[in-house]
Amino acid sequence: MPILEVENLSISFNQYTAGLKRKNIQVISSLHVTLEAGEILAVVGASGSGKSLLAHAILGILPDNALVSGTIKYNGELLTPSTQASLRGKEIALIPQSTNYLDPLMRVGNQVRTSVQTGDATLAQRAVFKRLHLQQTVEKMYPFQLSGGMARRALLSTAIVSDAKVIIADEPTPGLDPVVMKEALNNFREFADNGCAVMLITHDIESALMIADKIAVFYAGTTVELAPVEDFTGNGEALRHPYSKALWRALPQNDFTPIPGSQPHPSDLPTGCLFAPRCTMATSACSEEQPDMRNIRNGMVRCMHAT
Amino acid sequence: MRKMLLGKLGIFLLLKGLRMLTLLIAICFISFLLVKNSPIDPIQAYIGADMLKVGPEQREKIAEYWGLDQPVMVQFLNWGSALLAGDLGTSMIFRRPVAEIIGERFVNSLILMVTAWVLSGVIGFVMGVVSAMKKDSWIDRLIKWYCYTLASTPTFWLGLLMLIVFAVWLGWFPIGLGVPAGVLAADVTIADRIEHLILPAITLSIIGVANVALHTRQKLIDVLASDYVLFARARGERGFILFWRHGLRNVALPAITLQFAAFGELFGGAVLAEQIFSYPGLGQATVEAGLRGDVPLLLGLVIFSTFFVFAGNLIADLIYYVVDPRTRESRMI
């Protein structure tokens, strides 16, 4: 049984446009993701495809003007706002993107200690700092005194000390030098090998491929494909969705050829398949109705032409 | 490291002292020129009603004796050097040294201003915090409405209103003055003084509340929308714990600094409030000195208030410099 199951998730925001006119902007539509214990799922996609919102929706920390529909199950149980509140930081931990997520006026050590659920907080914090090669002097520092790499490790340590079973890492790698990055990725692999489930949200496909077990490809607020990592090879023949193939071929080490056009804005989504306007395989049927996710060859895809 | 910090603090204070000095010189010079060019005739102001008995020759004699026939710059330097020697001159209304009057009045005003300052700071901060934590609720609307109304209320008008309601209609408080009328100075009790203090202090603090409350509200709303509060919520923090750990420390410092920087408004408010309540403080003395052409007292008060407002701003700067870790610890590196 998957530890985390997101089904048919849609998120929209109520916004005031001109004057008092309200507009409902759909940013995530019928999204499916499943996460198993002991595995790393990488969520990849361009910026603005709704990756971070997925993380916030799972934790229940979306802004007040967000409307959420669909279901999120944790250990087979349906999550409600109150169960989400009791799971946050205990069972499900978030590793955010940057130093901005640390309180600027609180010493780093204290911030890590607030995440400790049981036992001696100071001991736990010192142990994890040692494990991540952070000197003990770092605990007395304020966030503005940390280097990029130190800040990431401090954020990482908040998740480690919490003993959470599901770890959601939101863009943990940008700005890290290769050595530190490799170390961070190895830490995630270690989490998974210890029985945690890791959701790695990133637009860095290369690093995702290095450690992930499965890849979920996002496009315009929905998942277009869920594939085992082995399928990302060669010319992308094993991939199911035309967007995943295009994404794979656009990488520098592959063809380095981009496809024309750009991801549609949430306020201006096409009817039918969201990728149809840019797809070479699109037929008239594609623009009539958004295809459902289907199982194909040990993966899932949202395309009626996929084989 | 501590020694280095103290050294830097010394330089900081030295620079501030220098700025204070230049500011004072400029203020002294400008006020002197303004008074010099005002229609106040120092001789007439000094002699008062006996002016008719003084002939033109006698006038000239007095002018010569006071050095009024000399060029303006020489007069300024004469006044300035007396000032440096600590002699602020003699008040014409009170016929006593200016320094003595300012000292005495300042004690009265200080009690009033400190009470109003602490009250408005604490109440305003709490109101701002409640308002931000319950944003868009009825209590937030109520507090906002109250603050906007107060922010646009003149002190003297509110003072009159308080006087009408609480002193005249309800008779809870005395109508004015700092001590009861017709009682020997030796018989005035502390309770008497406090009774006379309450209305002006409340008037002054009610006005000050709006500023702190609205500022704290906005700042806390920004803090609550920040990434670090989002992350704190993601770690399971909420409600009061969240505010205590992340809200308070990020909001308190700006609020305290704002309160110190508001010394100028406090002084300005005191001038009006003291006038309404006939409270014998610095503010009332300022109005008297201005209306009755008491030049030495007026100049003394100008210098003193400059000093007072500057001190408030200096403390505000100093608090940021010493308390905020971002400025404190970056200097140590």
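**Exercise 1. Domains of chain B**

Task: Into which domains is chain B divided, and which elements of domain 1 touch domain 2?

Solution.
Step 1. Chain B splits into domain 1 (2-84) and domain 2 (98-328); the bounds come from an automatic or database domain assignment. This is a predicted model, in which local features need pLDDT of at least 70 and side-chain atom pairs count only at pLDDT 80 or more, while totals for chains, interfaces and linings use all residues. Residues are numbered from 1 along each chain as its sequence is written, and chains are lettered from A and ligands numbered from 1 in the order in which they are written.
Step 2. Between the C-alpha centres of domain 1 of chain B and domain 2 of chain B there are 31 Å.
Step 3. Domain 1 of chain B puts 13 residues into the contact and domain 2 of chain B puts in 10 residues. Two residues are in contact if their C-beta atoms, placed from the backbone, lie within 7 Å.
Step 4. On the domain 1 side, α1 (2-36) and α2 (42-47) of chain B are the elements giving two or more residues. Helices (H or I, at least four residues) and strands (E, at least two) are DSSP runs, numbered from the N terminus. The most comes from α1(B), with 10 residues.
Step 5. By type, this side of domain 1 of chain B has 11 nonpolar, 1 polar and 1 charged residues. Ala, Val, Leu, Ile, Met, Phe, Trp, Tyr, Cys and Pro count as nonpolar, Asp, Glu, Lys and Arg as charged, and the others, Gly among them, as polar.

**Exercise 2. Chain B as a whole**

Task: How many helices and strands are there in chain B, and what percentage of its residues is buried?

Solution.
Step 1. Chain B has 14 helices and 0 strands.
Step 2. Of the 333 residues in chain B, 30% are buried. A residue is buried if 20 or more other C-beta atoms lie within 10 Å of its own, exposed if 12 or fewer, and partly exposed in between, with C-beta atoms placed from the backbone.
Step 3. Along the principal axes, the C-alpha atoms of chain B fill a box of roughly 90 × 60 × 35 Å.
Step 4. Among contacts in chain B with a separation of 6 or more, 73% join residues 24 or more positions apart.

**Exercise 3. The sheet of chain A**

Task: In what order do the 4 strands of the open sheet in chain A stand, and why is one side of β2 and of β5 left without a neighbour?

Solution.
Step 1. The order is β2-β1-β4-β5 (chain A), with antiparallel pairing. Two strands pair if DSSP finds at least two bridges between them.
Step 2. β2 (22-35) and β5 (77-78) of chain A are at the edges and have a single partner strand each, so one side of each has no neighbour in the sheet.
Step 3. Strand β1 (residues 4-16) of chain A and strand β4 (residues 66-74) of chain A pair over 8 bridges. Ser12(A) is opposite Leu67(A) in β4(A).
Step 4. Helix α1 (residues 51-59) of chain A lies across β1, β2 and β4 of chain A, at about 80 degrees to β2(A). Axes are lines fitted to C-alpha atoms, for helices over the stretch in contact, and angles run from 0 to 180 degrees between N-to-C directions.

**Exercise 4. Positive phi**

Task: Where do Ser30(A) and Glu171(A) lie?

Solution.
Step 1. Most residues other than glycine have a negative phi.
Step 2. Ser30(A) has a positive phi of about 30 degrees and lies in strand β2 of chain A. Ser30(A) counts as partly exposed because it has 18 C-beta neighbours inside 10 Å.
Step 3. Glu171(A) has a positive phi near 45 degrees and sits in the loop between β7 (166-170) and α6 (178-193) of chain A. Glu171(A) counts as partly exposed because it has 19 C-beta neighbours inside 10 Å.

**Exercise 5. A covered helix**

Task: Which residues of α8(A) are buried, and what covers them?

Solution.
Step 1. Helix α8 (residues 242-249) of chain A has 6 of its 8 residues buried.
Step 2. These are Pro242(A), Tyr243(A), Ser244(A), Ala246(A), Leu247(A) and Trp248(A).
Step 3. Their cover includes α7 (205-211), β9 (214-219) and β10 (222-228) of chain A.
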